[in-house]
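Welcome, and thanks for opening the viewer.

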Amino acid sequence: GYPIFLAQGIVANLSPRAFLELFWDSSRTHEYNFYCTGRDDVLMVDENADELLLSKDIHAATKVVKSETRVPFTGLTVPLLVMMHVRPLPGGPEEGYLIISRSLSSGMAGYHTASSSRSNIQNTKTEILWGVNVLKTVPGHPDQTELHSLSQMASALVPNFLSQKIGLMGVEEFFWNVRNPNSKQAQVATASTSTTSCTGKAVGL
């Protein structure tokens, strides 16, 4: 099977609501994912999806996004069509939020292309099997988030030994980048270090 990556840690500069708004806003993806070359909202499944960033009273929504991401150590990009859903945790928005992402199948979406030739589509599919982020309130610290992250990607594009390395690196960089938004120097520094922890726990299964 494909490896599952689990991580947890504290993000000290964002409340769960602020974290949700960062993650939900497709125009801000570049602030925490420097490999993403673009993400667009293609379908608002419910009216809340379009209003979530405009009203603090909206806490649940579903939408479909289309994104494209460069694969580290290769000259390839991966286009994905992904459904995203957010809802409050059982204790309500005061406890935090759950965000779930999963790939959809739509024609050639999910098939990688060589960056030098976008028409050079090869018979290798990449998809997000599971992307789960739990954003929990830290008692006594309203501007902090206890983040629990689970991710699983399926790709015949990347060999197993490299997928483990890329997966762990991606988890660590995600934590670093949300703590240090817009800091490309931080991303470069992280990429050169060991990918076994993220000032919390990061585990590849």
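Contact here means heavy atoms within 4.5 Å. This is a predicted model, in which local features need pLDDT of at least 70 and side-chain atom pairs count only at pLDDT 80 or more, while totals for chains, interfaces and linings use all residues. Residues are numbered from 1 along each chain as its sequence is written, and side-chain values use heavy atoms, with hydrogens and water left out.

**Stop 1: the core**

Select Val86 and display its surroundings. Leaving aside residues up to four places away in sequence, Val86 touches Leu20, Trp24, Leu52, His59, Ala60, Ala61, Tyr97, Leu98 and Ile99. Val86 is also among the residues with the most contacts inside the largest nonpolar core, together with Phe19, Leu20, Trp24 and Phe174; that core has 32 residues. Such a core is a set of buried Ala, Val, Leu, Ile, Met, Phe, Trp, Tyr and Cys residues joined through side-chain atoms within 4.5 Å. Buried means under 20% relative accessible area, exposed over 50%, and partly exposed in between (1.4 Å probe, protein chains only).

Now colour the elements that give two or more residues to this core: strands E1 (4-11), E3 (61-70), E4 (76-88), E5 (96-103) and E7 (117-138), with helices H1 (16-24) and H3 (160-179). Helices (H or I, at least four residues) and strands (E, at least two) are DSSP runs, numbered from the N terminus. Which element gives the largest share of this core? H3 does, with six residues.

Stay on H3 and select Phe174, which lies in that helix. Phe174 is buried, at 14% relative accessible area. Its contacts, beyond four places in sequence, are Phe19, Phe23, Tyr32, Asn133 and Leu147.

**Stop 2: helix H1 and its charges**

Next, select H1. Eight of its nine residues are buried, so H1 is largely enclosed by the rest of the structure. Show the side chains of Arg17 and Glu21, which meet in a salt bridge at 2.9 Å, N to O (a side-chain nitrogen of Lys or Arg within 4 Å of a carboxyl oxygen of Asp or Glu). These two are four residues apart in H1, about one helical turn.

Arg17, Glu21 and Lys56 are linked in a network of salt bridges.

**Stop 3: Asp41 and Lys63**

Select Asp41 and Lys63, whose salt bridge has its closest N and O atoms 2.9 Å apart. Asp41 lies in strand E2 and Lys63 in strand E3, so the pair ties together parts that are 22 residues apart in sequence. Asp41 is partly exposed at 36% relative accessibility, and Lys63 is buried at 1%.

**Stop 4: Ser103**

Finally, select Ser103 in strand E5. Ser103 is buried, with a relative accessible area of 14%. Beyond four places in sequence, Ser103 touches Leu80, Leu81, Val82, Glu127 and Ile128. Gly131 is 28 residues away along the chain from Ser103, and their C-alpha atoms are separated by 9.2 Å.
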